[in-house]
Amino acid sequence: MTRSARRTRRTLQVAGAGAAALLALSACSSSDDSSSSKSDSSASASPKMSGTVTVFAAASLKESFTTLGKEFETAHPGTKVTFNFAGSDTLAASITSGAPADVFAAASPKTMAIVTDKGDGVGTPATFVRNQLEIATLPGNPDKIASLKDLTKSSLKVVLCDKTVPCGAAAQKALTASKLKLTPVSYEEDVKSALNKVVLKEADAAVVYKTDVHAAGDKVEGVEFPESAEAINDYPIVLLKDAPNAVAAKAFIALVQSAEGQKVLSAAGFLKP
């Protein structure tokens with residue numbers, strides 16, 4: 001082969017290699033563009049949460065759910081969580097009567113069934129925490145209340161939740177288990193109302209949840225009693241059928257069930273589900 005021919009062959013080899021490199025670069029760029037396009041498409045497919053999430057929740061959830069609501073709003077700018085805290089039976093009646101809400105968190109499966117039996121829930125309600133009863137006394141426990149039986153003393157003014165409310169039903173279950181009869185000075189519409197009677201010194205004691213005693217701080221003193229183990233309440237939560245903001249509602253329920261949500265609830269005194 002002549003020197004001229006060898007030079008020509010080398011030139012063609014270099015040109016071929018350059019062309020191959022350009023083709024590879026083009027393919028890589030095309031692949032990156034495609035990947036980027038898919039990523040953008042996936043991001044745009046993810047629904048952006050906004051608007052108000054309305055949560056109907058048992059009164060005993062007030063402190064912990066308020067904290068979780070603020071965390072939710074911080075994590076999802078453009079959203080707002082509003083709450084209706086009351087006795088679970090009252091909330092259930094409002095929902096079945098058509099009150100607009102996205103989420104229902106009840107203090108017992110029985111009150112949740114009022115809603116789900118009417119077909120107003122989506123899917124099976126999930127138990128997210130449990131709660132146990134405790135006696136709330138005046139600060140320092142001046143009446144030396146040490147047991148559930150002590151509440152039967154005629155000299156004491158004792159308050160219970162109404163029997164239709166989960167905390168009231170649980171108290172009756174504990175009293176029945178211990179074969180005690182108690183006549184309270186009043187039955188209150190929810191656990192916060194019962195606790196408030198003691199806080200305001202209008203009653204000497206009330207049977208409420210441990211979480212409510214915890215939330216009241218030094219305004220009351222808590223007295224545990226073994227019969228409470230016979231009346232622990234499961235708390236179920238569910239997305240409502242006609243939820244105005246179902247996307248954000250599902251995300252709020254997910255927060256409640258998450259490790260972070262459970263941490264907040266545990267700190268408030270709730271038991272693991």
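Guide: Start with strand β8, which is mostly covered: five of its five residues are buried. Buried means under 20% relative accessible area, exposed means over 50%, and partly exposed lies in between (1.4 Å probe, protein chains only). Strands are DSSP runs of E with at least two residues, helices are runs of H or I with at least four, and both are numbered from the N terminus.

This is a predicted model, where local features need pLDDT of at least 70, side-chain atom pairs count only at pLDDT 80 or more, and totals for chains, interfaces and linings use all residues. Residues are numbered from 1 along each chain as its sequence is written, and side-chain values use heavy atoms, with hydrogens and water left out.

Now the partners of β8. Two strands pair if DSSP finds at least two bridges between them. Strand β5 (residues 133-137) pairs with β8 (residues 205-209) in the antiparallel sense, over five bridges. E134 has V208 of β8 as its bridge partner. A136 stands opposite A206 in β8. Strand β6 runs parallel to β8, and two bridges join them. Here V159 has A206 of β8 as its bridge partner.

Step back to the whole sheet. It is open and has five strands, in the order β7-β6-β8-β5-β9, with mixed pairing. β7 (186-188) and β9 (221-223) stand at the edges with a single partner strand each, so one side of each has no neighbour in the sheet. From one strand to the next, the twist averages 35°.

Axes are lines fitted to C-alpha atoms, for helices over the stretch in contact, and angles run from 0 to 180 degrees between N-to-C directions. Contact means heavy atoms within 4.5 Å.

Next comes helix α7 (residues 210-216), which holds T211. T211 counts as buried because its relative accessibility is 3%. Leaving aside neighbours within four places in sequence, T211 is in contact with S60, N131, A268, G269 and F270. The side chains of T211 and N131 are joined by a polar contact of 2.9 Å. A polar contact is a pair of N or O atoms within 3.5 Å; within protein, one must be able to donate a hydrogen and the other to accept it, and residues adjacent in sequence count only if both atoms are side-chain atoms.

Look from T211 to S64. Their C-alpha atoms are separated by 9.5 Å, though the two residues are 147 residues apart along the chain. S64 is in helix α2 (residues 62-75). S64 also counts as buried, because its relative accessibility is 3%. A polar atom of the S64 side chain lies 3.3 Å from the backbone oxygen of L61. Not counting residues up to four places away in sequence, S64 touches V264, L265, A268 and F270.

Y235 is in contact with residues including Y209, N131, S60, L61 and F270, leaving aside neighbours within four places in sequence.
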